[in-house]
Amino acid sequence: MVERSANVSEPQRPAPRIGPRVISSIEEAMVARRGPRVLTAGDTRPVDQLLHAMRTVKAARFSAASRFERKHTLSQFAMAIVSLYFVGLSVWQAVYAATIDEPTNRLLTLVSIMSSIFLLVLALIEAMNDYRIKAHHMHTCALAVNDLYHEFKINRPSDAAAVQEFRRRYNEVVRSCPINHSRVDYAMARAERGVPWTEKASARLQYACDVYALYGLSMAVPPIVLLLFR
């Protein structure tokens with residue numbers, strides 16, 4: 001037998017062809033990947049989480065708007081009462097100067113100075129915080145979140161892209177507000193739902209201290225000092 005020459009190459013095998021089934025499956029996979037991702041029937045966590053966030057934020061911001069309005073009203077009322085203390089004591093000292101003994105006169109002067117200090121503090125706090133503007137911002141943001149919440153709740157999209165679009169709109173509404181609600185507003189928003197009574201009591205106590213403590217103290221201290229040391 002004559003051996004084949006090493007220079008003679010063997011005939012090449014034809015390259016394997018990709019079957020039509022493989023091509024169609026690849027095309028289907030690419031189309032499915034490009035298309036919108038649909039949430040499964042059992043996976044509603046993104047929708048529920050966004051609804052929960054909207055519900056909590058709108059409740060907290062409505063609470064913040066109410067708190068700022070109440071603080072503005074109490075601030076004006078407290079400044080009026082403390083001003084009345086200061087003016088009344090000054091007039092009393094001027095009119096009845098001849099009949100007031102020295103210890104009483106010093107006490108009236110002390111209470112008058114305390115009233116003027118409280119008045120100055122309240123005026124500075126009101127000027128720095130501008131509660132009415134803050135209440136307006138909080139109320140406007142809460143209304144916008146509330147509208148978006150009900151729109152999202154009615155539509156309840158199953159498309160992940162649509163959920164992400166609602167999330168983007170929600171973030172834009174929240175970021176458009178120049179101020180944020182505080183922890184006491186979040187606690188009051190949670191207290192509106194089914195939470196233990198201890199948490200509700202704690203939230204209401206925090207709210208009362210934040211809203212009423214300073215103004216109640218400024219109105220109560222001058223007459224208490226006057227009654228205790230007269």
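Which residues have the most contacts inside the largest nonpolar core? Here are some notes to read alongside the model.

1. First, the ground rules. This is a predicted model, in which local features need pLDDT of at least 70 and side-chain atom pairs count only at pLDDT 80 or more, while totals for chains, interfaces and linings use all residues. Residues are numbered from 1 along each chain as its sequence is written, and side-chain values use heavy atoms, with hydrogens and water left out.

2. The core. Leu 50, Met 54, Phe 152 and Tyr 170 have the most contacts inside the largest nonpolar core, which has 43 residues. Such a core is a set of buried Ala, Val, Leu, Ile, Met, Phe, Trp, Tyr and Cys residues joined through side-chain atoms within 4.5 Å. At least two core residues come from each of α2, α3, α4, α5, α6 (183-191) and α7, and α2 gives the most, with 13 residues. Helices here are DSSP runs (H or I, at least four residues), numbered from the N terminus.

3. Tyr 170. This residue sits in helix α5 (residues 160-176). Tyr 170 counts as buried because its relative accessibility is 10%; buried means under 20% relative accessible area, exposed over 50% and partly exposed in between (1.4 Å probe, protein chains only). Leaving aside residues up to four places away in sequence, Tyr 170 touches Leu 50, Ala 53, Met 54, Val 57, Val 145 and Leu 148, where contact means heavy atoms within 4.5 Å. Met 54 lies 116 residues from Tyr 170 in sequence, yet their C-alpha atoms are 7.7 Å apart.

4. Helix α3. Its 28 residues (102-129) reach 41 Å from first C-alpha to last, close to the expected 40 Å, a span taken as 1.5 Å times one less than the number of residues. Among its buried residues are Leu 107, Val 111, Phe 118 and Glu 126. The cover over the buried residues of α3 includes α2 (45-95), α4 (131-155) and α7 (197-228).

5. Two loop residues worth a look. Most residues other than glycine have a negative phi. Asp 130, in the loop between α3 and α4, has a positive phi of about 50°. Arg 156, in the loop between α4 and α5, also has a positive phi, of about 45°. Asp 130 is partly exposed at 37% relative accessibility, and Arg 156 is partly exposed with a relative accessible area of 38%.
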